[in-house]
Amino acid sequence: MITPQKSSAPNIVLILADNLGWGELGCYGGGALRGAPTPRIDRLAAEGLKLLNFNVESDCVPTRSALMTGRHPIRTGALQSVPAGLPQGIIPWEITLAQLLSAQGYATAIYGKWHLGDREGRYPKDRGFDEWYGIPRTTNESMFTSTPGFDPTVVPIPYIMEGKKGGPAHNVKIYDLDARRHIDGELTGRTIEFMRRSTQAGQPFFAYVPLTQMHYPTLPHPDFAGKTGAGDFADSLAEMDHRAGQLLDAVDALGIADNTLFIFASDNGPEFRRPWRGTAGPWSGTYHTAMEGGLRAPCVLRWPGRIPAGGVSNEIVHVTDLYPTLARSAGAQVPDDRPLDGIDQLDFVCGRQAKSRREGFVYFIKDELRAAKWRDWKMHVVWEAEPNAGANHLETPWIFNLIQDPKEETDVGTANSWVRRPLRLLIHDFQQSLKTHAPIPPGAPDDYVPAKAARNY
């Protein structure tokens with residue numbers, strides 16, 4: 001028998017898919033259209049809130065940094081430009097979401113891809129998580145050992161790793177193509193066991209599950225290979241839906257559904273590399289661009305009795321907003337000694353207010369401002385519709401109305417020049433903030449502390 005939890009604080013299950021485009025899931029217009037129905041995630045969306053305008057950062061590291069810190073990566077230095085083995089990701093001075101929840105008495109675990117630090121002091125078990133099993137960097141490394149000419153004396157062999165708070169991390173097995181096919185099943189099984197242990201102990205938990213699908217090489221578990229008849233990508237999409245369903249079934253079986261905030265989201269727009277090319281549905285572009293297909297990603301939230309079922313919203317929400325929103329749901333206070341870009345959206349997602357508390361945001365790729373969104377408007381200051389197509393720095397920024405022109409094909413800045421003012425004010429205010437609080441440089445050492453920081457948290 002499972003012992004009822006002693007705390008009223010909600011459990012939090014956060015699944016983060018990798019490079020899953022806006023248009024892949026059935027509930028976002030994909031599913032069967034992409035060769036793989038996604039009934040479990042579609043049902044999850046029907047039981048909660050589906051966000052149509054959930055926005056992320058440019059690629060894997062920046063989005064994960066924004067999620068864990070509530071801060072744009074231009075502030076944290078997490079710009080995915082530091083070689084493996086050097087100080088990657090976020091410095092120890094940053095306070096992660098896992099640290100906030102751990103301080104509230106949560107059991108915390110991550111099963112999956114971290115990509116915010118790949119050495120002692122920066123692994124997840126050093127950053128607020130009680131336990132971790134997964135990969136420190138990214139999935140394309142699974143291709144290394146089968147690539148002709150790979151030299152392990154120059155590039156380290158990639159491993160699946162594990163670690164627990166207070167002890168060293170260690171290698172479990174080589175992350176090769178066979179391990180790549182099996183890893184999401186392993187992550188799901190370990191998450192279910194963690195939820196069971198935490199529930200039996202009567203302890204609220206935070207289960208962060210950054211799956212490896214649909215990142216390239218997009219290869220399914222052997223049990224799903226050939227299942228759809230539509231190729232590896234569709235088979236992998238079907239597997240991902242199944243993994244989400246396994247976690248949902250476990251929450252129901254443990255009797256904790258009503259006290260569990262369950263979130264399924266993606267870290268980026270769709271994969272752009274062929275033959276694993278994804279789709280952003282009605283939007284143009286992929287990740288690594290400032291197009292809507294790069295900014296918008298799927299996000300659905302379920303919390304029975306708290307989040308009304310059947311909700312669909314095109315209100316702007318940003319990945320940084322998850323940090324203060326989840327903190328408040330758990331009764332945690334966010335740090336007040338640094339600028340936070342995330343906005344608490346708990347009242348919005350729970351239906352206590354109709355509008356998001358956010359009207360817009362700025363968008364960087366690495367350290368370069370590319371665009372800004374405000375209400376239904378988008379302004380590009382640099383135009384690059386396809387990754388590596390060549391960035392065009394615009395003398396006069398282009399403006400698009402995203403309701404009338406979702407594919408961003410017709411600049412309407414001349415006819416709607418009034419829109420430049422709120423967009424430029426948004427950019428100006430953010431740039432002033434960067435002058436007041438200097439960004440942390442990429443590759444900063446572990447002991448780096450921003451000059452204006454007075455740590456009082």
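**View 1. Helices H5 and H6 side by side.** In this predicted model, helix H5 (residues 177-200) and helix H6 (residues 232-253) pack at an angle of about 10°, their axes 10 Å apart, and the two are therefore roughly parallel to each other (angles under 35 degrees count as such). Axes here are lines fitted to C-alpha atoms over the stretch in contact, with angles running from 0 to 180 degrees between N-to-C directions. Helices are DSSP runs of H or I with at least four residues, strands are E runs of at least two, and both are numbered from the N terminus. Look for Arg181, Asp184 and Met195 among the H5 residues that meet H6, whose contacts include Glu239, Arg243 and Val251 (contact means heavy atoms within 4.5 Å).

**View 2. The open sheet E12-E13-E14-E15.** These 4 strands pair antiparallel in that order (a pair needs at least two DSSP bridges). Strands E12 (360-365) and E15 (392-401) stand at the edges, each with a single partner strand, so one side of each has no neighbour in the sheet. E12 is joined to E13 (residues 368-374) by 6 bridges, and Phe361 stands opposite Lys373 in E13.

**View 3. Two charges over rings.** The charged end of Arg190 sits over the ring of Tyr133, 3.6 Å from its centre; that of Arg296 sits over the ring of Trp283, at 3.9 Å. Such a charge (NZ of Lys or CZ of Arg) is within 6 Å of the ring centre and within 35 degrees of the ring normal.

**Notes.** Residues are numbered from 1 along each chain as its sequence is written. Local features need pLDDT of at least 70, side-chain atom pairs count only at pLDDT 80 or more, and totals for chains, interfaces and linings use all residues, while side-chain values use heavy atoms, leaving out hydrogens and water.

Technical notes: Parallel < 35°, antiparallel > 145°, perpendicular 65-115°, else oblique.
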